[in-house]
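Here are my notes for when you next open the model. Have the viewer up as you read.

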Amino acid sequence: MTATIAGTALGPHLRRRRDAGRKLLAPYLTAGVCENWTDYLRAYADNGADAIEIGLPFSEPVVDGPTVQEASHQALRRGANVRDILAELRRVRLDVPLAAMTYYHLVQRDGLGPFCANLAEAGVRGLIVPDLPLDELGALEHAAEAAEVDLVLVAAPSSTPARLRDIAQRSRGFIYAVSVMAPTGVRAELADTAGQLAARLKQSTDLPVVLGFGIATPDHAVAGARDADGVAVGSALMRAILDGDTPAQVGARVAALRDALDRAYP
Amino acid sequence: MPDPGSAGRFGEYGGRFVPESLIPACAEVEEAFRQAWADAGFRRDLNRLLSVYAGRPTALTPAWRLSAELGVTLLLKREDLAHTGSHKINNVLGQALLAKRMGRTRLIAETGAGQHGVATATAAALLGLSATVFMGEKDMARQELNVHRMRVLGAEAVPVTSGSRTLKDATSEAMRYWVTCVDEAYYCLGSVMGPHPYPWMVREFQRVIGDEARAQCAAELPAAIPDYVVACVGGGSNAAGTFAGFADTKAQLVGVEAAGGAAIADGRVAVMHGHRSYAVQDEHGQILEAESIAAGLDYPGVGPEHAHLHDIGRARYVTVTDDEVLAAVRRLARSEGILPALESAHAVAWVIRAAEGGELPQHATVLLTLSGRGDKDTATLLEVAR
Ligand SMILES: Cc1ncc(COP(=O)(O)O)c(C=O)c1O
């Protein structure tokens, strides 16, 4: 299986950059949302992304708010599916690591081993499954490891201390800290829970902690990265894409986030 | 039909596939339910509400004329006589009492046909809780009467405009909303679905249907146990509750799905809305929109325990078409003076087909759970008549 591995490894890359003092920026894109969706990946990579999260659209996105729901449904209406998305990704070469974000239904459908191997072969070296909690990880942990895909676990403001310890221990690549008790979506302000959770996690792990959900503006990014190692930005970028922003325009938004982080944390 | 254990498994189905944010809330519901269910005081309170408020036990009515026509003995378990017009009230009274016991002040629910929404609005009013009910925009249009009933009862009915704008999307939306208010709100799920402990808990709250029917059959039938036990299956709560009363007998258990949304007949293994079970999906694994004349049955999935009962062969799952259902509504209405809910008429339609097609032996005894009454469907029937 190792022979099929492509793409940049997630964990070592993020750790290196974090250890060099850089705050991490992980923009999100719903795959297949529009004809030229892979051009947005390049725009993300060229404008300072440290990793890119790629949403594989599912018809029942229970963790997502209105914007990502709309993006998922738009992608599905266009006929997007995992097989074709991975085929397109195989043709894209980026020096930034990719992590897929999708629901467990799509992961388990054709078998965990084949799914993870297909990701790795397409150059996707991380996997985030927001509806698969610690207790149900089961065989996916092993399948991901065998395919050299980092299975990134999600921590929430409601997680108990014992669960946070387990999440920190079993997560690979980084830990995805959910900033708020809410679905994904642009929010006016960053929740208080965000910093608290990131700080709690940082106490118990050396893995990079990336804060996501509700981070929309450069100010949010700077505030979110105070206690975390970096931030994930999804709905704000997807809103722009759904409203017709070109890859260059969206690239400029990513550059503004990058710039704000670099200025605040030189 | 046993306790599914701490992992909530029925064979390979069930589980707790929810975001990490909701895990503590699910664990809290499980803990509270285990304690309440073992507490004689809780059971007494619930039983009292079921009898003095919901009208239990519901009757077991022999379908005199239809039985003669079909050459079988057909007994109807009359959940249509329960308060608010369907079996949904049994489950909701149980969960609302549990929510109260947990110190919650609000109920959240999803609804398809509106029966679960009406039951939730009713229990909330009774117990002094507030209720927010998510309902697909499409279902709202065809179940206008129930939307109005919920609002008169003081509940907030929230239209869901995403996806196919039906029950599956309302369920997703209710889960998203629950995350935002887990500390004060209790998610009152309407069927044997969702993350552990819901499929188990809802079955236990609906077990009253099967337990009563078992005792009533013993008084009514020389053999005490019917040959067949039949119920319609949307998520599968009225069927699960009915089956639970006969699980340890020789009765053949038959679940009747809508042909347009037959999770067990046409589905594949899926993880959706918190559990692993069967659901109807396309070649890429995207969940398909189900289609049935009965809003309460056009859910593309089914509760995990039914998937398990199917796999081990303890229950059989069959489908009927909308046309058969409409014919069954008329036939039951005219032969017995009972207008069944379109959902319940699925079970009636299968019994008619099986009896007339020779699948049911002459003189077979059949217990059929009539899950609800048809008043809510008069607009649909009117439309069909035109
Ligand atoms: C009258 C009636 N029967 C059956 C159902 C289907 O639910 P379940 O399969 O959970 O009993 C519904 C759902 O709305 C209903 O209103």
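1. The second largest pocket is lined by A:Asn81, A:Val82, A:Arg83, A:Leu86, A:Arg90, A:Leu106, A:Arg109, A:Asp110, A:Phe115, A:Asn118, B:Glu283 and B:His284. A pocket here is an open set of points on a 1 Å grid over the protein atoms alone, where a 1.4 Å probe fits, with protein on both sides within 12 Å along at least five of seven lines; lining residues have an atom within 4 Å of a point.

2. Some housekeeping: this is a predicted model, where local features need pLDDT of at least 70, side-chain atom pairs count only at pLDDT 80 or more, and totals for chains, interfaces and linings use all residues. Residues are numbered from 1 along each chain as its sequence is written, chains are lettered from A and ligands numbered from 1 in the order in which they are written, and side-chain values use heavy atoms, with hydrogens and water left out.

3. Back to that second largest pocket: it holds about 250 Å³, a volume being the space filled by probe spheres set on grid points joined across faces, edges and corners. Helix H4 (82-90) and helix H6 (112-121) of chain A each bring at least two lining residues, and H4(A) gives the most, with 4 residues. Helices are DSSP runs (H or I, at least four residues), strands likewise (E, at least two), numbered from the N terminus.

4. The largest pocket comes to about 300 Å³. Of its 15 lining residues, A:Ser59, A:His73, A:Leu76, A:Arg77 and B:Ile287 lie nearest the centre. Helix H3 (residues 66-77) of chain A supplies the largest share of this lining, 3 residues.

5. Now the ligand. It has 18 residues around it, with B:Ser191, B:Gly234, B:Gly236, B:Ser237 and B:Ser371 the closest (a heavy atom within 4 Å puts a residue on the list). Ligand oxygen atoms sit 2.8 Å from a side-chain N or O atom of B:Asn238, 3.1 Å from a polar side-chain atom of B:Lys88, and 3.3 Å from a backbone N or O atom of B:Gly235.

6. Which residues of helix H1 (residues 10-19) of chain A are buried? They are A:Leu10, A:Gly11, A:His13, A:Leu14 and A:Arg18, buried being under 20% relative accessible area (1.4 Å probe, protein chains only). Their cover includes strands S1 (24-30), S3 (98-101), S4 (124-128) and S5 (150-155), plus helix H9 (192-204), of chain A. After H1(A) comes A:Gly21, with a positive phi near 95°.

Methods:
Buried means under 20% relative accessible area, exposed over 50%, partly exposed in between (1.4 Å probe, protein chains only). Contact means heavy atoms within 4.5 Å. A polar contact is a pair of N or O atoms within 3.5 Å; within protein, one must be able to donate a hydrogen and the other to accept it, and residues adjacent in sequence count only if both atoms are side-chain atoms.
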